Amino acid sequence: MSNLLPQAQAFALRITQQLDFQRRLAFALFVVLLLACVPGALAHEFKVGDLEIEHPWSRATPPGAKVAGGYFTVVNKGSAPDRLLSITSDISDKAELHAMGVKDGVMTMRPVEGGLEIPAGGKVALKPGAYHLMFTGLKRQPKQGEKFPATLTFEKAGSVEVEFAVEGMGETGSGDMDMDHAE
C-alpha cells in the first residue's frame, strides 16, 4: 500500500501538468483568435475605386467653436492619379480642403483650389500642420469618442461616405503623423 502513494502522487502531478498545459493551450488559442478579430474591429478604413481612405479623424472642440479640422490619409492603389474635389458633412455649413505652410516665418492657411491630387501608386496625408479639412460653421460640437459622417468626392473614383472618429482636443491622430503628403 505504501508503494501506491508515490504512484498516485506522480499520476496526480502528470494530470495537473496536462491540465495546465491544456489550459495554457486553450488560453493561447483564445488570444490568437481574439487578435485575429481585432484588425477588423479596429479598422477605420474606407474604399472607393482604387482609393483607400485611412482613419478619418477630427478633434473634439470647445463649446462655442465654429470650426473643426479633419484628417486622414488617401492611398491610391491604381495606375492613374485621382483628385479629391469636395467634402460635405452635416456637422457643418461648409467643408473645405486647406493647405498650411510657412512663408517668411509666418504660418499661413489657404484653401486648395482645383482639388488635391492623389498620385498613382502614392498616398497623401491630411494632417495637422499640412493639408487638412476645415469644417466651418459647426452645427454641433464634435465630442471625443463619437463619430460623424462626411462624403468625400473624387474626380475618378466618385463619392464615398466616411466616418470621422473624434479624438481628444490635443490629439495628433493615432500615429498617422509619419506619413508623406503631396507638396
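Tutor: Phe148 and Phe164 are both buried. Keep in mind as we go that this is a predicted model.

Student: How many aromatic pairs are there?
Tutor: Rings count as a pair if their centres lie within 6.5 Å. Applying this rule gives an aromatic pair count of five.

Student: Is the pair of Phe135 and Phe164 stacked or edge-to-face?
Tutor: Let's start with the geometry: the centres of Phe135 and Phe164 are 5.4 Å apart, with 85° between the planes. An angle over 60 degrees puts a pair in a class of its own name. The pair Phe135 and Phe164 is therefore edge-to-face.

Student: How many residues apart in sequence are the parts that this pair ties together?
Tutor: Phe135 sits in strand β9, residues 132–138, while Phe164 belongs to strand β11, residues 158–167. The pair therefore ties together parts whose separation in sequence is 29 residues.

Student: Is Phe135 buried or exposed?
Tutor: Buried means under 20% relative accessible area. Phe135 has 0% relative accessibility, so this residue counts as buried.

Student: And is the pair of Phe148 and Phe164 stacked or edge-to-face?
Tutor: Here the centres are 5.3 Å apart, and the angle between the planes is 10°. Planes under 30 degrees apart are the ones to look for in this case. The pair of Phe148 and Phe164 is therefore stacked.

Student: How many residues apart in sequence are the parts tied together by Phe148 and Phe164?
Tutor: Phe148 lies in strand β10, residues 147–154, and Phe164 in strand β11. So this pair ties together parts with a sequence separation of 16 residues.

Student: With which side chain does the side chain of Gln141 make a polar contact?
Tutor: Leaving aside neighbours within four places in sequence, Gln141 is in contact with residues including Pro62, Gly64 and Glu146. The Gln141 side chain also reaches the backbone oxygen of Ala65 at 3.4 Å. At 2.6 Å, the polar contact between side chains is with Thr61.

Methods. Residues numbered from 1 in each chain as written. Predicted model: local features only at pLDDT ≥ 70, side-chain atom pairs only at ≥ 80, totals over all residues. Heavy atoms only, no water. Phe/Tyr/Trp six-rings, centres within 6.5 Å; stacked < 30°, edge-to-face > 60°. Helix = DSSP H or I, 4+ residues; strand = E, 2+ residues; numbered from the N terminus. Buried < 20%, exposed > 50% of the residue type's maximum accessible area, 1.4 Å probe, protein only. Contact = heavy atoms within 4.5 Å. Polar contact = N/O pair within 3.5 Å; in protein donor to acceptor, adjacent residues only side chain to side chain.
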